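Q: I have this chain open and would like to go through it piece by piece. Can we start with whatever stands out?

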Amino acid sequence: MLVWQGAGIAAALIPAILGFIAQWGVDSYFGHGYAVAHGWQNAIAWSVGAAIVWFAGTRLEKQPGKSLVDPATGNNVELKEKHTLFWVPMKYWAAIWVMASVVSLTK
């Protein structure tokens with residue numbers, strides 16, 4: 001079960017898609033089964049995906065929200081859309097993907 005808000009699902013999709021593309025590319029260049037035996041292509045793909053997720057998450061976080069005025073108190077309230085995956089903000093998933101890329105190099 002996936003739980004996300006806004007564009008938070010992209011925090012998982014971007015590195016996963018880059019990983020599949022890297023695995024396909026390495027297998028087609030070096031031969032079938034090379035990508036399974038070696039993890040360097042996943043490390044590169046997930047690190048690039050982490051950078052993309054970080055920049056996308058910070059950019060989405062900086063977007064202005066909708067400003068409303070509470071008629072009872074006269075206070076301003078800003079409503080902003082959250083971009084989370086499993087309740088973790090999108091930009092912090094970059095650190096998780098970097099850790100996954102390091103782990104993929106240790107096998």
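**Notes on the fold**

A: Phe-86 has a relative accessible area of 33%, so it is partly exposed. Keep in mind that this is a predicted model.

Q: Where is Phe-86 found?

A: Phe-86 lies in the loop between E4 and strand E5 (88–89).

Q: And what is phi of Phe-86 near?

A: Its phi is near 50°, a positive value in a residue other than glycine. Most residues other than glycine have a negative phi.

Q: Which loop is Trp-87 found in?

A: Trp-87 is also in the loop between E4 and E5. Its phi is near 65°, again positive in a residue that is not glycine.

Q: Is Trp-87 buried or exposed?

A: Trp-87 is exposed, because its relative accessible area is 64% and the cut-off for exposed is over 50%.

Q: What about Thr-84, which strand is that in?

A: Thr-84 is in strand E4, residues 84–85. It counts as buried because its relative accessibility is 9%, and buried means under 20%.

Q: Which residues is Thr-84 in contact with, leaving aside its neighbours within four places in sequence?

A: With those neighbours left aside, Thr-84 touches Val-3, Trp-4, Gln-5, Gly-8, Pro-89 and Met-90.

Q: Changing topic. How many residues are in the largest nonpolar core?

A: It has 11 residues. They are Ile-9, Ala-10, Ala-11, Trp-46, Ala-50, Val-53, Leu-85, Met-90, Trp-93, Ala-94 and Trp-97.

Q: Which elements give two or more residues to this core?

A: Helix H1 (10–30), helix H3 (40–62) and helix H4 (93–105) do.

Q: Take Val-53. What is it in contact with, beyond its neighbours within four places in sequence?

A: Val-53 is in contact with Ala-10, Ala-11, Ile-14, Pro-15, Met-90, Lys-91, Trp-93 and Ala-94.

Q: How do the axes of H3 and H4 cross?

A: The two axes come within 8 Å and cross at roughly 170°. That angle makes H3 roughly antiparallel to H4, because angles over 145 degrees count that way.

Q: Which residues make the contact?

A: From H3 there are Trp-40, Asn-42, Ala-43, Trp-46, Ser-47, Ala-50, Val-53 and Trp-54. H4 brings Trp-93, Ala-94, Trp-97, Val-98, Ala-100, Ser-101, Ser-104 and Leu-105.

Q: How many residues of the contact of H3 with H4 are nonpolar, polar or charged?

A: There are 12 nonpolar and 4 polar residues in that contact, and no charged ones.

Q: Now the rings. How many aromatic pairs are there?

A: The count comes to 5 aromatic pairs. One of them is Phe-30 with Tyr-34, whose ring centres are 4.6 Å apart with planes at 25°, so the pair is stacked.

Q: Why does that angle make the pair stacked?

A: Because the planes of Phe-30 and Tyr-34 are at 25°, and planes under 30 degrees apart count as stacked.

Q: Which residues do ring pairs link into a cluster?

A: Tyr-29, Phe-30, Tyr-34 and Trp-40 are linked that way.

Q: How do Phe-30 and Tyr-34 count by relative accessibility?

A: Phe-30 counts as partly exposed at 43% relative accessibility. Tyr-34, at 23%, counts as partly exposed too.

Q: Which helix is Tyr-34 found in?

A: Tyr-34 is in helix H2, residues 34–37. Leaving aside its neighbours within four places in sequence, Tyr-34 is in contact with Val-26, Asp-27 and Trp-40.

Q: Last one. What separates the C-alpha atoms of Tyr-34 and Ser-101?

A: Those C-alpha atoms are separated by 17 Å, with the two residues 67 residues apart along the chain.

Note on methods: Residues numbered from 1 in each chain as written. Predicted model: local features only at pLDDT ≥ 70, side-chain atom pairs only at ≥ 80, totals over all residues. Heavy atoms only, no water. Core = buried A, V, L, I, M, F, W, Y, C linked by side-chain atoms within 4.5 Å. Buried < 20%, exposed > 50% of the residue type's maximum accessible area, 1.4 Å probe, protein only. Helix = DSSP H or I, 4+ residues; strand = E, 2+ residues; numbered from the N terminus. Contact = heavy atoms within 4.5 Å. Axes fitted to C-alpha atoms, helices over the stretch in contact; angles between N-to-C directions. Parallel < 35°, antiparallel > 145°, perpendicular 65-115°, else oblique. Nonpolar A, V, L, I, M, F, W, Y, C, P; charged D, E, K, R; others polar. Phe/Tyr/Trp six-rings, centres within 6.5 Å; stacked < 30°, edge-to-face > 60°.
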